[in-house]
Amino acid sequence: MFENIAPQKIDLRQWSTQFRLLEDTDIKQFKYYGNDEWGVYLSPPATFMVYGARELKKLKFDNSLSALRLWGFAFNESERLFRARQSGKHIVAAMGDLGTVPVITMSFPECVPFYPDCTWWTPFFNESTVLLDKASELGTPEGSCFVRSTLAAFHKMAYFPKPDILFASTGASCDDYSCIMQMVEDMGYELNWLEIPYRRHRKDYHVEERYTKTAHGFEYPERFETYLVDEYKRVWHKMKQLTGTDDTERLKQSINKNNRLRRLTHEIRELTHNANIAPYPGLEMMVIEFGNLYGYADIDEWLNILSMVKETILGRIEKGLGVLRPDAIPLAWVTPTADPLLLNIVEDLGGRVVATEYVINQALVEIDEEIDPFVALARSFMDASMIGSTEERIRNITTGVDSGKVAGVIISNMLGCSHCAMETRLIEEKLKRVPVLAIDVPGPLGITEQLRTRIAAFLEMLR
Ligand code: SF4
């Protein structure tokens with residue numbers, strides 16, 4: 001459809017002009033939940049600005065049809081969840097584990113998992129402090145992570161429908177979010193708690209027991225698998241009570257489908273990060289990585305979108321085309337940025353993201369399909385980003401630095417985040433052999449000239 005248009009990043013106005021090239025039939029062929037009547041989601045991105053995502057007028061987007069689908073689908077999620085509720089599906093809130101509970105809940109018919117945690121981005125896309133102010137009123141300190149906007153969303157009940165069931169993972173998970181989940185419970189929501197074990201290894205704790213290793217080579221006591229299996233079986237049991245269904249064959253199918261998604265995302269990341277010229281922008285790539293958490297509440301359509309993204313990328317690589325300048329500086333990005341605009345700014349100033357650590361490794365690894373499905377889920381989760389040492393968390397970044405692929409590292413801190421405060425200096429220390437820029441992501445509308453200048457100076461120094 002847009003095959004003859006050269007790849008580039010374009011703004012809302014340009015997208016609205018380009019959108020006119022589409023016929024009605026083109027628009028109507030893409031739909032969520034396969035519904036012809038109300039499932040169409042393709043619109044010019046300006047539509048979502050009108051609905052409240054005001055930051056979009058500052059952002060630039062990839063100009064391919066695949067990116068148009070990606071943005072239409074991602075911004076349509078709230079509508080999709082309310083439609084799911086209207087059409088009788090069960091809404092399942094998965095919280096805190098970022099990647100594994102949805103694989104279980106998707107095994108049950110007409111169940112739609114989503115992550116309330118992702119409300120984190122809403123104040124930034126909306127350039128609004130409404131949710132953060134409400135969260136302060138509800139008792140969260142201003143100096144805590146922006147994820148407190150989730151608490152306000154639960155209070156307002158306008159951003160997603162009231163879930164039929166909620167699962168909350170705590171333990172070796174995010175402390176800030178554990179507090180938020182407890183406050184959600186205090187509001188009267190019934191939370192089903194799961195505990196995540198810390199992936200300690202032999203050299204730190206001298207306890208006689210059997211140890212094993214994850215696919216990424218991280219060591220952990222084998223009994224943690226049994227422990228997590230019990231936790232996941234409790235999730236299964238709750239879902240069985242909710243739906244009256246109990247078919248572990250469906251769990252195997254769900255694992256298979258999620259593995260397809262994880263493989264596709266892996267291929268897209270590899271192609272994009274290793275191409276001579278960046279074939280797809282960093283912001284869209286962040287949306288793609290986070291899609292692995294739950295397929296944006298319709299994994300089938302999300303898989304279709306990613307297949308098209310991969311075709312776009314392959315086509316561009318074949319023609320030697322891309323969306324950034326060929327000499328863009330290869331960077332690793334550690335911790336996802338709450339404000340999407342920062343990814344645009346870094347690219348505008350001459351950077352390019354070629355490696356990431358967005359705290360969701362557990363959603364990126366493949367799940368073993370040859371063993372018991374619950375054990376396979378537990379084993380895959382033991383590869384999680386935040387349950388082990390800092391060294392393990394950033395291993396793929398260290399590898400990128402050592403191989404010469406990464407010239408510099410950006411760490412985007414969130415004010416008040418416990419892991420940012422504790423880990424950033426450690427990460428800098430461990431990456432001593434490469435320049436590192438740690439920036440604090442300011443609140444909505446808070447990006448200053450001073451911050452831009454710091455990023456520009458960092459990139460200039462690297463160049
Ligand atoms: S940014 Fe950090 S502190 Fe905030 S929710 Fe995510 S993991 Fe937790």
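Ala297 is placed in the loop that links α13 (282–291) to α14, in a structure that is a predicted model. Although Ala297 is not a glycine, its phi is positive, at about 65°, and with 26 C-beta neighbours inside 10 Å the residue counts as buried. Tyr33 is partly exposed, since 16 other C-beta atoms lie within 10 Å. As background to both residues, most residues other than glycine have a negative phi.

Helix α14 (residues 299–319) contains Thr312, which has 22 other C-beta atoms within 10 Å and is therefore buried, the threshold being 20 or more. When neighbours within four places in sequence are left aside, Thr312 is in contact with Ser64 and Ser66. The C-alpha atom of Thr312 is separated by 21 Å from that of Val40, a residue 272 positions away along the chain.

The largest nonpolar core comprises 136 residues, and those with the most contacts inside it are Phe167, Leu331, Ala332, Ile397 and Val409. The helix that gives the most to this core is α4 (residues 65–75), with eight residues. In soluble globular proteins, nonpolar side chains tend to be buried together. Phe167 touches Ala93, Ala94, Met95, Val101, Asn192, Leu194 and Val235, residues up to four places away in sequence not being counted.

Strand β5 (residues 165–171) has six of its seven residues buried, so this strand is largely enclosed by the rest of the structure. Pairing between β5 and strand β3 (residues 90–95) is parallel and extends over four bridges, with Val92 standing opposite Ile165 in β5. Strand β6 (residues 191–196) also runs parallel to β5, to which it is joined by six bridges, and here Gly171 is found opposite Ile196 of β6.

An open sheet of four strands, paired in parallel, has the order β10-β9-β11-β12. Because β10 (351–357) and β12 (436–441) stand at the edges and each have a single partner strand, one side of each is left without a neighbour in the sheet. On average, and with direction ignored, neighbouring strands of this sheet are turned by 30° against each other. Helix α19 packs on the sheet through contacts with β9, β11 (408–414) and β12, and its direction makes about 170° with that of β11. Helix α20 (residues 449–462), in turn, lies across β9, β10, β11 and β12 and runs at about 165° to β12. Within the sheet, six bridges connect strand β9 (residues 329–334) to β10 in the parallel sense, and the bridge partner of Val334 in β10 is Glu357.

Notes: Residues are numbered from 1 along each chain as its sequence is written. This is a predicted model: local features need pLDDT of at least 70, side-chain atom pairs count only at pLDDT 80 or more; totals for chains, interfaces and linings use all residues. A nonpolar core is a set of buried Ala, Val, Leu, Ile, Met, Phe, Trp, Tyr and Cys residues joined through C-beta atoms within 7 Å. A residue is buried if 20 or more other C-beta atoms lie within 10 Å of its own, exposed if 12 or fewer, and partly exposed in between; C-beta atoms are placed from the backbone. Helices (H or I, at least four residues) and strands (E, at least two) are DSSP runs, numbered from the N terminus. Two residues are in contact if their C-beta atoms, placed from the backbone, lie within 7 Å. Two strands pair if DSSP finds at least two bridges between them. Axes are lines fitted to C-alpha atoms, for helices over the stretch in contact, and angles run from 0 to 180 degrees between N-to-C directions.
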